Amino acid sequence: MLRLGVKLVLLLLAAVSAGVLWQQGQLSVLALTRVDPLPQTRELVAAGHYAEAADYLAFFMDYPYVQQDPAAQVLHEEIEQVRGSMGYQARKLQEGLVSGTSDEGIGQAAGVATDLFVIGDLRDLTRQAIRWKNGEDVDEVVTALAAIGVAASAIQLASSAATVASAGAAAPAAAAATGIKTGTSVLKAARKLGKLPPWLGKAVIGEAQALKRTRNLEPISGLFTDVATLASTRGGLQLLSHTTDASSLRRMARLSEVFGEHSATLYRLGGDLAVGLSQRAARLGPDTIRLAATFGRGGLRTLDRLGAVRFAKYSARAAKITYKGDAVRLLARALLRVPNWLLGLLVVIGVAAWLPWPAPRGQGDRARRRAALGPRF
């Protein structure tokens, strides 16, 4: 009887071990924890970054676990009330017109508009000239960007006139000049906000010197086009500040193209891992990447390991199970900590316990003699 009990225990352990090995993908999703956006949103509000707070919270408001949270609803309403007030909008417009920088759309539009019409470039060149005259430090990057902007404006004007005369042949040059002017506006705003990475500042100075020699915008158009792509979404300056070279700028621009207004929040949640997955968004699916990001970096790593189809399937199952609370999550984490080699060994031992093993040679002979003698009375 004791031997049978041991066999049953070993069989149970083998079955559990086999199940863990078979369902490791599902367990890895069950072990994930959803990101609570409220603490981070409140920190941004306390710092006065209402636009960033709104974007961050909006990323999660598409998901029921936040959307149906009364505290999240109240916080979202408070943020929108502040951003919609006349006083707040007037301050942000003034920021864009006076300094060319703002974290809100209305201020950014005003800053870009002044630069597109040369006003901003001339304003910045004048300020730097005054600083130089007074013996103060001159910002070489802002000066270079303003100079590029003025040159692009001149080329844009000439190209527009030539487009009419040549029936559209000069249109590409005019479009390139417009893209460069948008890029210079964004880079100046980033510089003033302290979000221009050092490598890009050096690149801008070099491009300005090259433009002065060649009077040709084409060699620098690619760099400013990628910058303009980032500028097309909120939070673009935040993304720009994390670039390290021209290649990372292109990857960040791709992130911005795919996820639009959610790009900055996605990067905040996943960092370079999110950037890498965005390059494969056509295969993984933007919605699946966003879903994985609600679990933080762990969710993105799990998506990268499992693939879009399995992750989506396991997430749907997990949503039906996790109502039971943290118990399932803790159990899943505990099972995932057991080494695979130990799980495999338990499976082998459990199966082996039920196999019909031949008796040792001596024991087999004694059993045959007892059987030949017949039963004892």
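Predicted model: local features only at pLDDT ≥ 70, side-chain atom pairs only at ≥ 80, totals over all residues.
Helix α3 covers residues 38-46 and helix α6 residues 70-84, and the two pack at an angle of about 20° with 11 Å between their axes. That puts the angle under the 35 degrees cut-off, so α3 counts as roughly parallel to α6. As for who touches whom, α3 brings Leu38, Thr41, Arg42 and Val45 to the contact, while α6 answers with Ala71, Ala72, Leu75 and Ile79.

Now to the aromatic rings. A ring pair is described by how far apart the centres are and by the angle of the planes. Three aromatic pairs turn up in the count. One of them joins Tyr56 and Phe60, with centres 5.3 Å apart and planes at 65°, an edge-to-face arrangement. These two residues sit four apart in helix α4 (residues 50-60), so about one helical turn separates them. Tyr56 and Phe60 are both buried. Phe60 also pairs with Phe59: here the ring centres are 5.2 Å apart and the planes meet at 70°, and since edge-to-face requires an angle over 60 degrees, this pair is edge-to-face too.

Taken together, the ring pairs tie Tyr56, Phe59 and Phe60 into a cluster. Phe59 has a relative accessibility of 0%, so it counts as buried, and Phe60 is likewise buried at 0% relative accessible area.

Technical notes. Residues numbered from 1 in each chain as written. Heavy atoms only, no water. Phe/Tyr/Trp six-rings, centres within 6.5 Å; stacked < 30°, edge-to-face > 60°. Buried < 20%, exposed > 50% of the residue type's maximum accessible area, 1.4 Å probe, protein only. Axes fitted to C-alpha atoms, helices over the stretch in contact; angles between N-to-C directions. Parallel < 35°, antiparallel > 145°, perpendicular 65-115°, else oblique. Contact = heavy atoms within 4.5 Å.
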